[in-house]
Amino acid sequence: MSNDLVKLSAKGVNLWFGNKQVLKNISVDFEPNKVTALIGPSGCGKSTLLRAFNRMHDLSPDARIEGKFMLENQDLYEKGLSVTQLRRRIGMVFQKANPFPKSIYENINYGLKINDIPKAERPGIIENALRESYIWEEVKDELEKPATRLSGGQQQRLCIARTVALRPEVILMDEPCSALDPLSTLKIEELIVKLKKDFTIVIVTHNMQQAQRVADKTVFMYLGEIIEEGQTKDMFANPKNELTANYVKGHFG
Ligand SMILES: Nc1ncnc2c1ncn2[C@@H]1O[C@H](COP(=O)(O)OP(=O)(O)OP(=O)(O)O)[C@@H](O)[C@H]1O
């Protein structure tokens, strides 16, 4: 793939927790302004791979990583690279919404403050991030309310707003809808599809319908390896590998 079609990539990655090898010779490219879904049965290493891009295993003493993770030309594990700076370029949204126990406004303002965004610019950025995340109309009159009083779906959209406010290049999403009801899930899916105009998105999901609704490309993993990847439509309509076929048909997982 030519380089301008690659935003984020892993090359020859192996990862162990203690003696257990969890990722095996993973090489994958993620295209800019596309949504890519990582799918596969429980325990196959999807979250481990996603988290490795954001250096989330740095503090696990038993994690050992080989191979390269690149954001365009930046080696994400380069010695001396600031993890804070890296996470500004690669944001992450988790399975369970995790707003700070502060006001809705402050949840977004905090990240802007610690990243030295001038005070005068912050209200506009906060409003814009809330609008982009389809939550502004619901919260605009109660920005001082504690974020923890929002519904689960609203909290997750707030967490997405908190991430987009910092204008990362990539947003990693680890099962962002698994704790949400169907209506909130659809709102987040609509949001994900809209956000790809500005961001490159990688999403871990167990929900095959969700992968087909939101993802341009899909990567199927099994026991720590990538078995198949391709355009989502092709992978679901004509999987090349028998394991992929059985998984997408719901025969195991
Ligand atoms: N910090 C850790 N220390 C030790 N083992 C871990 C750690 N994190 C994950 N594992 C193990 O690595 C394997 C892969 O886990 P991972 O969470 O990446 O799978 P997954 O495909 O995302 O699964 P799920 O769909 O259930 O979330 C599992 O066997 C898990 O127990």
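How many helices and how many strands are there in the protein chain? The protein chain has 10 helices and 10 strands. Here helices (H or I, at least four residues) and strands (E, at least two) are DSSP runs, numbered from the N terminus. A few notes for you follow.

1. **Ground rules.** This is a predicted model: local features need pLDDT of at least 70, side-chain atom pairs count only at pLDDT 80 or more, and totals for chains, interfaces and linings use all residues. Residues are numbered from 1 along each chain as its sequence is written.

2. **Overall form.** The radius of gyration of the protein chain is 18 Å, close to the 18 Å that the globule rule gives for 253 residues, so the chain is as compact as a globular protein of that length. That radius is taken over C-alpha atoms, and the rule is 2.2 Å times the number of residues to the power 0.38. Along its principal axes the C-alpha trace spans about 55 × 45 × 35 Å. Of the 253 residues, 38% count as buried. A residue is buried if 20 or more other C-beta atoms lie within 10 Å of its own, exposed if 12 or fewer, and partly exposed in between, with C-beta atoms placed from the backbone.

3. **Contacts along the sequence.** Among contacts between residues at least 6 apart in sequence, 67% join residues at least 24 apart. Two residues are in contact if their C-beta atoms, placed from the backbone, lie within 7 Å.

4. **The record.** An unreviewed UniProt entry lists "domain: ABC transporter" for residues 8-248. UniProt positions are given in the numbering used here, feature names are shortened, and annotations may be inferred rather than shown by experiment. In the model, the end C-alpha atoms of residues 8-248 lie 25 Å apart, and the span is 37% helix and 27% strand.

5. Two strands pair if DSSP finds at least two bridges between them.

6. β3 pairs with β8 in the parallel sense over 4 bridges, and A37 stands opposite I203 in β8. Another 4 bridges join β3 to β9, also running parallel, with F220 in β9 as the bridge partner of I39.

7. **The nonpolar core.** Of the 60 residues in the largest nonpolar core, L38, A161, I192, I201 and I203 touch the most other members. Such a core is a set of buried Ala, Val, Leu, Ile, Met, Phe, Trp, Tyr and Cys residues joined through C-beta atoms within 7 Å. Helix α6 gives the most to this core, with 5 residues. Leaving aside neighbours within four places in sequence, I201 is in contact with V35, I171, M173, I192, L195 and K196.

8. **The four-stranded sheet and α1.** A second open sheet has 4 strands in the order β2-β1-β4-β5, paired antiparallel. β2 (20-30) and β5 (74-75) stand at its edges, each with a single partner strand, so one side of each lacks a neighbour in the sheet. Helix α1 lies across β1, β2 and β4 (63-71), running at about 60° to β2. In α1 (residues 46-53), 6 of the 8 residues are buried, so the helix is largely enclosed by the rest of the structure. Just after α1, R55 takes a positive phi of about 60°.

9. **Helix α3.** The buried residues of α3 (residues 104-114) are I104, N107, I108, N109, G111 and L112. They pack against α4 (122-132), α5 (136-139) and α6 (152-164). D116, which follows α3, has a positive phi near 60°.

Note on methods:
Axes are lines fitted to C-alpha atoms, for helices over the stretch in contact, and angles run from 0 to 180 degrees between N-to-C directions.
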